Amino acid sequence: MIESQQEQVILILDFGSQTAQLIARRVREAGVFSVLVDPALPASEIANLNPKGIILSGGPASVYDEGAPRCDPGVLDLGVPVLGICYGMQLACQMLGADIVRADHREYGRANLQITDSSDLFGAIPERTTVWMSHGDQISNTDQAGLQVLASTPTCPMGGVRSTRNGRRFYGVQFHPEVTHTPHGGEILQNFLFEICGCASTWRMADFAQSACERIHRRVGDAHVICGLSGGVDSSVVAALIHKAIGTQLTCVFVDTGLLRKNERELVKATFRDHFRLDLKVVDASASFLADLAGVTDPQEKRRLIGHRFIDVFKEAAAGIDNVRFLAQGTLYPDVIESGHGLAGKSANIKLHHNVGGLPEELGFELIEPLRDLFKDEVRKLGEVLGLPDAIVWRHPFPGPGLAVRVMGEVTPDRLHTLCECDEILLEEIVSAELYRRTSQVFAVLLPVQSVGVMGDGRTYENVVAIRAVETQDFMTADWARIPYDVLARISNRIINEVRGVNRVVYDISSKPPATIEWE
């Protein structure tokens, strides 16, 4: 994964912090490429990666816990600037000879930081500022470790430290500069990157696009690449990037499962076949997918049947393309980290992901994943650089099984049609109210219940539709969106008046956790 770096890289040793990815994002936002790595990497291997700086992340453990993650002490002697954050600071200070003790007063949440040395790490930061703390241990015995105190809080004497003994260039902060609750955290990280590490702000999407194209061209040679195009932003950006690199050596396969959003097939064809002049193979397998789902109500069984059918359809489509050696996927950096396949090791193994590992090995393709170093927002920026329309770049996520997991209960053509019409009205009104870019995901769900209603002078007994709208940065947690009442009223009125078979609309106001974003 390091092969995709540019001329400079910041390595982040990930000790299992929930905000380790956020550190990487903040560094990249400053224009410097960063990557999470396994903290167990020997110092010699880290040196071979030629980092401009090293960041030791926080983590849930105490340095005294059995099995607590550690790193090679030689990391501090490489002559490379090192910044320790929370647990990373405590571990480094312990390796330098300081004692780590249970604090008399634990600190969780906002704290008032008093800066006493503004010469480098805290340069141009107000002497008094707010920071976000999350720790129960503290550092003591700073003299033995050669530590200079740079900042403190009323209950944490070593809020920020520095050690330059024996040529070392170590800095530590007990708080979390990567979170938005530390107002000047971005500036502190930039001081480390630019003033201490000497980095230049050169991480740009246009440069990434050019270098990625060059790597793809070298690797593919005269072979052919096949890409499963769903119409979502990830697969769309992959297709546009690889097409820019190798042109007609790319064939995209779009499988119409019959479970897509309204006009999805037409949008994909217009974008990639008509605009990009890309070799696009459209396979209409909707009848097969719907036949598989007949009578099925269990959501996991739906997913299993859809996954198996997709593989069969994709294999058949690929068999008709000559000289195919590579399969392209839209795997992103969080997918790699959360699946434990990245350099961050077991500490970041959060979940399995459908993209990582790809389609079955029997297909015989080599995987090519040009986005595996990027976060979602970076993928959107890359899509803009490549000239993808906003309708593709900024569209909300859509589940792999499609509307099958938004039609609760049995999936039938009539129920799919009802949901498609409701979803189209919902999105029209959200876009019209200029809320689409302010929300992260908005969709309708057809519930497996009916309710009594009154239309005209008659009694009705018809379907209930739920509306779901959330706001989130990472989709790991999410809050329900506060859609204005007048917008909700228009959505409800239009759905009930325009979609036959629906007489009630409800709004989902649950957050994640405890609920998930999707209903199934």
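Visitor: What stands opposite alanine 328 in S13?

Guide: Cysteine 227 does. This is a predicted model, where local features need pLDDT of at least 70, side-chain atom pairs count only at pLDDT 80 or more, and totals for chains, interfaces and linings use all residues. Residues are numbered from 1 along each chain as its sequence is written, and side-chain values use heavy atoms, with hydrogens and water left out.

Visitor: What makes strand S10 and S13 a pair?

Guide: Two strands pair if DSSP finds at least two bridges between them. S10 (residues 224–228) and S13 share 4 bridges, in the parallel sense. So they meet the definition of a pair.

Visitor: Which strand do 3 bridges join to S13?

Guide: Strand S14 (residues 366–368), running parallel to S13. Leucine 327 stands opposite leucine 367 in S14.

Visitor: Why is S13 called mostly covered?

Guide: Buried means under 20% relative accessible area, exposed over 50%, partly exposed in between (1.4 Å probe, protein chains only). In S13 (residues 324–328), 4 of the 5 residues are buried. So 4 of 5 fall under the 20% limit.

Visitor: Why is H14 called a helix, and how does its span compare with the expected one?

Guide: Helices are DSSP runs of H or I with at least four residues; strands are runs of E with at least two; both are numbered from the N terminus. H14 (residues 413–432) has 20 residues, so it qualifies. The expected span is 1.5 Å times one less than the number of residues. H14 reaches 29 Å from first C-alpha to last, close to the expected 28 Å.

Visitor: What covers the buried residues of H14?

Guide: The cover includes helix H9 (286–293), strand S15 (441–455), strand S16 (458–471), helix H15 (485–498) and strand S18 (502–507). Contact here means heavy atoms within 4.5 Å. Among the buried residues of H14 are Arg415, Asp423 and Leu427.

Visitor: Which residues lie nearest the centre of the second largest pocket?

Guide: Leu267, Ala391, Arg395, Leu427 and Tyr436, out of 22 lining residues. H14 gives the most to this lining, with 6 residues.

Visitor: How does the lining divide by residue class?

Guide: It has 10 nonpolar, 2 polar and 10 charged residues.

Visitor: How do you know that S15 and S16 pair?

Guide: They share 12 bridges in the antiparallel sense. The definition asks for at least two, so they pair. In their hairpin, with 2 residues between the strands, glycine 456 takes a positive phi near 65°.

Definitions and conventions: On a 1 Å grid over the protein atoms alone, a cavity is a set of points where a 1.4 Å probe fits but cannot get out, and a pocket is an open set with protein on both sides within 12 Å along at least five of seven lines; lining residues have an atom within 4 Å of a point. Ala, Val, Leu, Ile, Met, Phe, Trp, Tyr, Cys and Pro count as nonpolar, Asp, Glu, Lys and Arg as charged, and the others, Gly among them, as polar.
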